[in-house]
Amino acid sequence: MTTTPELSTRPIPDEIARQVVLPEGHRHDGPLFEAYRWLRENNPLGQAEVEGYDPVWLVTKHADIMEIERQPHVFTSGGGDEPGSHNPILQNQAGDAFTKQLTGGSLRILDTLTYLDPPEHTEIKDIANDWFRPANLKKWEERIRTLAKEAIATYLHGGANDIDFVQEFALYYPLHVIMSLFGVPESDEPRMMTLTQEFFGTADPDAQREDIEPLTPEAAAQQWSAAIQDFYAYFDKLVEDRRANPRDDLATIIARAKDSGGEYYRKEFAYGWFIAIATAGHDTTSSTMAGAIEALAQFPDQLAKVQDNPALIPDLVNECLRWVSPVKQFTRQATQDYVLRGQQIHKGDRFMLLYQSANRDADVFDEPDTFRLDRKPNKHIAFGYGPHMCIGQHLAKLELRIMFEELLPLIESVAVTGERKSVVTNFVGGLRSLPVRLELR
């Protein structure tokens, strides 16, 4: 257990709790990050009660998140000994009730790593774990570089590019990379793009499906479920094809994986893998890339620094990941009584792990609100920590490094020219819109 002295624990003001817990509180980074700051300084581990939601501990400090994440037997993701009894993605109570109605009582709407606990989590992760290791990814570097060059040539040109960097550039390259490595035909990428945006934009009116009634407590869960079912319909054909006609691609590894008895895993596990790769493997990288361009516009000295010394690009990638922290939160539930930061935790208590806040923790990062390439060590937890650390982290870093190696030498200047717009969700974060003027040589 932590030995960190208990800090001030002033009651969490209602406006702070609502800013952090409600999806609409995540539309603008300014107020959200001020709420995080208030919590770190005044109540770094406090319980928030927001109408329509379960009471939840807001975990804002880096050390506390790491302590929770390294102990999945104490802080479960998917319910521990009762799989499906806990939702690792915070929804309102109406949304959870809707999910249970769909599944016959379970909150496990997807058979994917996020919803699993060891030992099941370990077994399913091992299906593709080796594919995502740096040694294997190295053989794909030339292919990824070709795709980066193609993206620049397709969407940008010499001179002034007045574009929405997210909608007209950043969304396409990571999607094309992951779909290419996955084995999905390029002609199907627009469908994957639409489903990805619906999947993550559950509280965003701009990404609302026409078949979902807006502004209802259940709307986010309904859209989430509808997008999942559309993914299932597409990926079922992919599973059948790869089982009958194996290829040298990631989809084949997943579709043809077998359990200890020598039988194919249930298709739902393949669906879970495919959805995770098609969504988290794409949207979070897009958000980080866009956040990097915004940061380099805000800190032009850092742009000049990395252009003068391209060897700093890996450091740029790490600082971009800390700065953006595209995965905002996951939730955990205590399986037993526990003491954390001097607070008595009870079995059944829920925790909202606020990674964005942890990555601005002054106890870990000097000048946390300054974008700095020379930040070493950079102990960000943008990919999480412990058993649930993102399996695709090395691929994401590789994609970002290669894109920056190709794009940065071409940039003469970059400026934000209009109002940025954030994705409205409290699960993943980033930018849905970023108007910029990108001057290229």
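**Fold and cavities**

Modeller: The protein chain has 18 helices and 12 strands, where helices (H or I, at least four residues) and strands (E, at least two) are DSSP runs numbered from the N terminus. This is a predicted model, in which local features need pLDDT of at least 70 and side-chain atom pairs count only at pLDDT 80 or more, while totals for chains, interfaces and linings use all residues. Residues are numbered from 1 along each chain as its sequence is written, and side-chain values use heavy atoms, with hydrogens and water left out.

Biologist: How many cavities of 30 Å³ or more are there in the whole structure?

Modeller: The search finds three. A cavity is a set of points, on a 1 Å grid over the protein atoms alone, where a 1.4 Å probe fits but cannot get out; lining residues have an atom within 4 Å of a point. Grid points are joined across faces, edges and corners, and a volume is the space filled by probe spheres set on the points.

Biologist: What volume does the largest cavity have?

Modeller: About 850 Å³. It is lined by 48 residues, and T114, A276, A280, C390 and I391 are the closest to its centre.

Biologist: Which element gives the most to that lining?

Modeller: α13, with six residues. Elements giving two or more residues include α13 (267-279), α14 (283-298) and α18 (393-407).

Biologist: And how do the lining residues of the largest cavity divide?

Modeller: Into 31 nonpolar, 13 polar and four charged. Ala, Val, Leu, Ile, Met, Phe, Trp, Tyr, Cys and Pro count as nonpolar, Asp, Glu, Lys and Arg as charged, and the others, Gly among them, as polar.

Biologist: How much space lies in the second largest cavity?

Modeller: About 60 Å³. Its lining includes Q197, D283, S286 and R432. Here α14 gives the most, with four residues, and the lining divides into five nonpolar, four polar and two charged.

Biologist: Changing topic: what is the strand order in the open sheet of five strands?

Modeller: β1-β2-β8-β5-β3, with mixed pairing; two strands pair if DSSP finds at least two bridges between them. The edge strands are β1 (45-48) and β3 (75-76).

Biologist: In what sense do β1 and β2 pair?

Modeller: Antiparallel, over four bridges. Q47 has W57 in β2 as its bridge partner.

Biologist: Last one: what share of the 441 residues count as buried?

Modeller: 59%, with buried meaning under 20% relative accessible area (1.4 Å probe, protein chains only).

Methods:
1 Å grid on protein atoms, 1.4 Å probe; cavity = no way out; pocket = protein on both sides within 12 Å on 5 of 7 lines; lining within 4 Å. Buried < 20%, exposed > 50% of the residue type's maximum accessible area, 1.4 Å probe, protein only.
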